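Keep the viewer open as you read.

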Amino acid sequence: MDNAFSQPQTVVVLGGSSDIARAIIEQLCANRTETVVLAGRNAGLLDEAAAAARAAGATRTDTVLFDAEDPSNARRTVTESFEKAHDNVDLVIVAVGLLGSQSEDEDSAEAAARVMTVNLTWPVAALAEVRRRMVAQGSGRILVITSVSGVRVRRTMYLYGGAKAGLDRLCDGLADSLEGTGVSLQVLRAGVVRTKMTLGHPEPPFTTDAAAVAIIALRGLASGERVIWSPPALRYVFGVLRHLPKALFRKITER
Amino acid sequence: MSRETLYGWGRTAPSVAEVVTPHNEEDIMAQFNSSPGVIARGLGRSYGDAAQLSGGVVLDNRELGSIGEIDALGVVTVGAGVSIDELLATSIPRGWFVPVTPGTRQVSLGGAVAADVHGKNHHVDGSLATHVLALRLVTPSGAFTVSPTSDPDLFWATVGGMGLTGVVTSVTLRMLAIETDQVLVDTQRFANLDGVMAAMAGGDDAFRYSVAWVDCMTRGTHMGRAILTRADHARARDVAAVSLRAPRSPTLVVPFSAPSGLLNSLSVRAFNELWFRSAPRHEEREPTSLTSFFHPLDGVRDWNRLYGRRGFVQYQFCVPESAGDTVVEAVTRLSNSGVPSFLAVLKRFGPSNPGHLSFPMPGWTLALDLPVGPTKLPGVLDDLDELVLGAAGRVYFAKDARLSPQKARAMYPRLDAFLAVKRRVDPKSQLTSDLARRLQLDGK
């Protein structure tokens, strides 16, 4: 169960080998988290993440394999993850993501669809099953990791940004739908984070590492704010950027 | 049956459950026959998650509300849903007071038994269980009347058992005879914690009631300055005019949640200062109404809303007599940490009872109200757990909203004996709560 300080005991991660999710899990396990179920595509990476969770204090870990390119497995993945948790799940972290390569993907129907499926369709399908289970449970929290690239979609990564925008906006309504159910949903809107996903990409201002995001995520989970910005300053940066005239926005972001 | 969001008095960690209102034992049995998880709820005055069960069935016991005749010896049988407030409304005019009352009248008798509540007279009279002659208990394996002589194991597992052995439907207890509705109160201010603790250790035994308010926010030489109040019931000859009036309803109401952060270290410091300065330096045998001595906060309805949306936690621990320095260390750490904490309540406990999970032990207890919000608060309290455990002390389940299962087990060494009794009457572990799941008290 969650305690008064919103410290969960049982956590499920969809996208369990994500560097951001790993960093969050390690910090949660230093507090009250004992059971962690990690779902992801790469068994080796999941085992590594599970070992790290145990080293950080988890007493029980388990893994579930799935491929986010196929939304038809979303329900099965969530079901299996909840069953392996053997208890009420206090927190589900949705950390599934695929950055892709904009220049290579933008003229390929298949590749463009893949970016959309992994970043939007699969998570939305999974959230439907998570929602159903948690509402029945009468308690629980959901943390969905989106991206500031979805706040205003730009030319250089419109596939990824567009998919994250869809997920982020959808979560607004989903969170409202949970009012009075004992379940709540928060969005972690992250700036660029140095991870294996962004390796080799340029580092814009406000780039952070995963450990820094995790600290902000935990603080946000405790405070319960609907949208958690990481780093927090991006709330104001994007407050300005999203209202800039198109030409100026392009000039700034395409450098 | 309706789906409702429930939380404790601290307004943290809400969860949603099916709320059912039973009118008799059959109604409760029907829930055991159909629901995998059930817990009873009274007036929701446990601070944490003791009377809620996410996704399960919560029994709202307020309809179990009968009050029997008080016999010549003060023995009365009361429905578990009756509040101490309601009982006093009947009993005070007839010259009887409850043998033990917590800091609020707004608790149900069933809840009071489940938490084995204590009051300002614990050093003399023990906790509520000492005055309970019998309980009616509905469990998944049947309904029983238990007492210290009839199935004592089940009786002692039930008092302080946080509702996890069954649903208490009625309580037979022995009341205390009173001649007036007044107490004679001695008040004394102390500049620091050592002074008040010495006075309590030396002089508490001369009074039936004793409690101290400690300021945990002053540092330096005035660290832990305190106001000690001690009292006895006023006899008829002590007062000008004898009266036996029932307590009045609250006159003030907090109508909505204050913004979180209203109670910060600045405002709390100011409040504590005011409180300390408004107490007389030294006063003896001042006639005071039962209500304002025992239940000062009951004058303001829904005062917990002052803590805002994020709510608050109460941290209450006890340590053995010999570990008085642990109390000093705890207050020192809190005052150094700078987390805001309202005047803490310090009290000496008398002997414990055989209750497996009953909280009091002979020694000291300190209770603090702390608003949720400061990022270091969870860590400060985790460190206090270590300190308390190191002194062979424990934390009170009825107040708890953040302990870990490992610490709970270490603090309550008779947990396994409790679970053995629980398994006998609840083999499928149907009686559970968010608290029980969080601290692994349900034997699953």
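Two residues are in contact here if their C-beta atoms, placed from the backbone, lie within 7 Å. Keep in mind as well that this is a predicted model.

**Two domains in chain B**

Chain B is assigned two domains, domain 1 (65-178) and domain 2 (182-402). How many residues do they bring to their contact? Domain 1 of chain B puts in 31 residues, which meet 30 residues of domain 2 of chain B. The C-alpha centres of these two domains of chain B are 24 Å apart. On the domain 1 side, the elements giving two or more residues to the contact are α2 (84-91), α4 (122-125) and α5 (152-158) of chain B. By class, that side of domain 1 of chain B has 13 nonpolar, 14 polar and four charged residues.

The chains touch each other too: 17 residues from chain A and 22 residues from chain B take part. Chain A's side of that contact divides into four nonpolar, 10 polar and three charged residues.

**The core**

Now go inside. The largest nonpolar core has 133 residues, and those with the most contacts inside it are Val113(B), Met162(B), Val171(B), Ala212(B), Val214(B) and Ala226(B). Strand β17 (residues 312-320) of chain B supplies the largest share of this core, six residues. Where does the core sit relative to the two domains of chain B? Domain 1 (65-178) and domain 2 (182-402) of chain B both give residues to it, so the core lies between them.

Setting aside neighbours within four places in sequence, Met162(B) is in contact with residues including Ala50(B), Ala114(B), Leu357(B), Phe397(B) and Leu441(B). There is also a second, separate core of 71 residues, which includes Leu38(A), Ile93(A), Ile145(A) and Leu188(A).

**The sheet in chain B**

Next up is an open sheet of eight strands in chain B, in the order β15-β11-β13-β12-β18-β19-β17-β20, with antiparallel pairing. β15 (282-289) and β20 (394-395) of chain B are at the edges with a single partner strand each, so one side of each has no neighbour in the sheet.

What about β13 (residues 226-233) of chain B: enclosed or open? Six of its eight residues are buried, so β13(B) is largely enclosed by the rest of the structure.

Helix α6 (residues 193-203) of chain B lies across β11, β12, β13 and β18 of chain B, running at about 20° to β13(B). Helix α9 (residues 324-337) of chain B lies across β12, β17 and β19 of chain B, at about 15° to β19(B).

**A proline in a loop**

Pro360(B) is in the loop between β18 and β19 of chain B. Is that proline, Pro360(B), buried or exposed? With 25 other C-beta atoms within 10 Å, Pro360(B) is buried. Not counting residues up to four places away in sequence, Pro360(B) touches His118(B), His122(B), Ser127(B), Cys318(B), Phe349(B) and Ser352(B). Pro360(B) and Gly126(B) are 234 residues apart in sequence, yet 8.5 Å apart in space, C-alpha to C-alpha.

**Backbone details**

A few backbone spots deserve a look. In chain A, the peptide bond from Ser230(A) to Pro231(A) is cis, with omega near -10°. Pro231(A) is in the loop between β9 (227-230) and α8 (234-241) of chain A.

In chain B, Arg285(B) has a positive phi near 45° although it is not a glycine. Arg285(B) is in strand β15 of chain B and counts as partly exposed, with 13 C-beta neighbours inside 10 Å. Gln440(B), also not a glycine, has a positive phi near 55°. Gln440(B) is in the segment after α13 (434-439) of chain B, and with 17 C-beta neighbours inside 10 Å it counts as partly exposed.

Key:
Residues numbered from 1 in each chain as written. Chains lettered and ligands numbered in written order. Predicted model: local features only at pLDDT ≥ 70, side-chain atom pairs only at ≥ 80, totals over all residues. Core = buried A, V, L, I, M, F, W, Y, C linked by C-beta atoms within 7 Å. Buried ≥ 20, exposed ≤ 12 C-beta atoms within 10 Å, placed from the backbone. Helix = DSSP H or I, 4+ residues; strand = E, 2+ residues; numbered from the N terminus. Domains from an automatic or database assignment. Nonpolar A, V, L, I, M, F, W, Y, C, P; charged D, E, K, R; others polar. Pairing = 2+ DSSP bridges. Axes fitted to C-alpha atoms, helices over the stretch in contact; angles between N-to-C directions.
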